[in-house]
Amino acid sequence: VLVDRCDHGTAADAVVLDNLDSAYRLTLHLIEQGHQQIAFIYGATSATGRQRHEGYVTAMAIHRLETLAKAVPATVDAARGATSDLVSHRPLPDALVASNGLILLGVTEALQAAKLRFPDQIALAGFDDLPWTRLVEPGITVIAQPTYDLGRATIDLLLQRIAQPTQAVRRVVLQGKLWKRGSSAKRSA
């Protein structure tokens with residue numbers, strides 16, 4: 001039973017977040033806040049990163065907005081470097097989205113090093129409701145994964161697979177929770 005990482009065509013039981021929908025909703029939230037130039041930094045080799053990128057692209061396309069995406073190794077250092085490069089050019093994007101907690105940490109560190117305040121100078125949103133995302137002022141908007149439900153559904157599928165090894169492959173898709181915090185608010189006039 002695969003947990004949280006599964007490409008669309010994988011022939012195995014899996015419990016996953018609806019990554020496409022989650023990234024779509026997160027991007028849509030930023031668009032609804034008035035942000036139009038939204039950059040997306042995601043894990044280059046990650047199935048979840050690719051799926052979240054797809055959700056971002058879909059939201060941007062529906063609103064006829066240009067995409068600005070950067071695939072990086074899913075590390076803090078790579079995200080920090082990519083963000084530093086991005087913000088060293090003007091004009092700045094209106095907002096940045098990070099596809100996972102490690103990338104979000106690197107993005108946040110780069111924005112702080114560049115002394116950019118969010119949301120006043122650049123809005124910020126990402127994935128994974130890690131404790132530090134609530135401590136950074138003004139709090140970072142995130143998609144929180146339903147970790148308890150992911151674990152419980154995984155055990156249920158595993159026990160069913162052990163009891164009936166020849167049953168059809170199943171996939172449980174769970175929804176993330178959008179926690180709207182100050183980092184993604186409309187810019188002050």
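Biologist: Is Y42 buried or exposed?

Modeller: This is a predicted model, where local features need pLDDT of at least 70, side-chain atom pairs count only at pLDDT 80 or more, and totals for chains, interfaces and linings use all residues. Residues are numbered from 1 along each chain as its sequence is written, and side-chain values use heavy atoms, with hydrogens and water left out. Buried means under 20% relative accessible area, exposed over 50%, and partly exposed in between (1.4 Å probe, protein chains only). Y42 has a relative accessible area of 13%, so Y42 is buried.

Biologist: How many aromatic pairs does a search of the whole structure find?

Modeller: Rings of Phe, Tyr and Trp (its six-membered ring) pair if their centres lie within 6.5 Å; planes under 30 degrees apart count as stacked, over 60 as edge-to-face and the rest as tilted. On that basis, the whole structure has two aromatic pairs.

Biologist: What kind of pair do the rings of F40 and Y42 form?

Modeller: Their centres are 5.7 Å apart. Their planes stand at 35°, so the pair is tilted.

Biologist: What kind of pair do the rings of F40 and Y56 form?

Modeller: F40 is buried at 0% relative accessibility, and Y56 is buried at 0% as well. The ring centres of F40 and Y56 are 4.8 Å apart and the planes at 15°, so the pair is stacked.

Biologist: Which residues do the ring pairs link into a cluster?

Modeller: F40 pairs with Y42 and F40 pairs with Y56. The cluster is therefore F40, Y42 and Y56.
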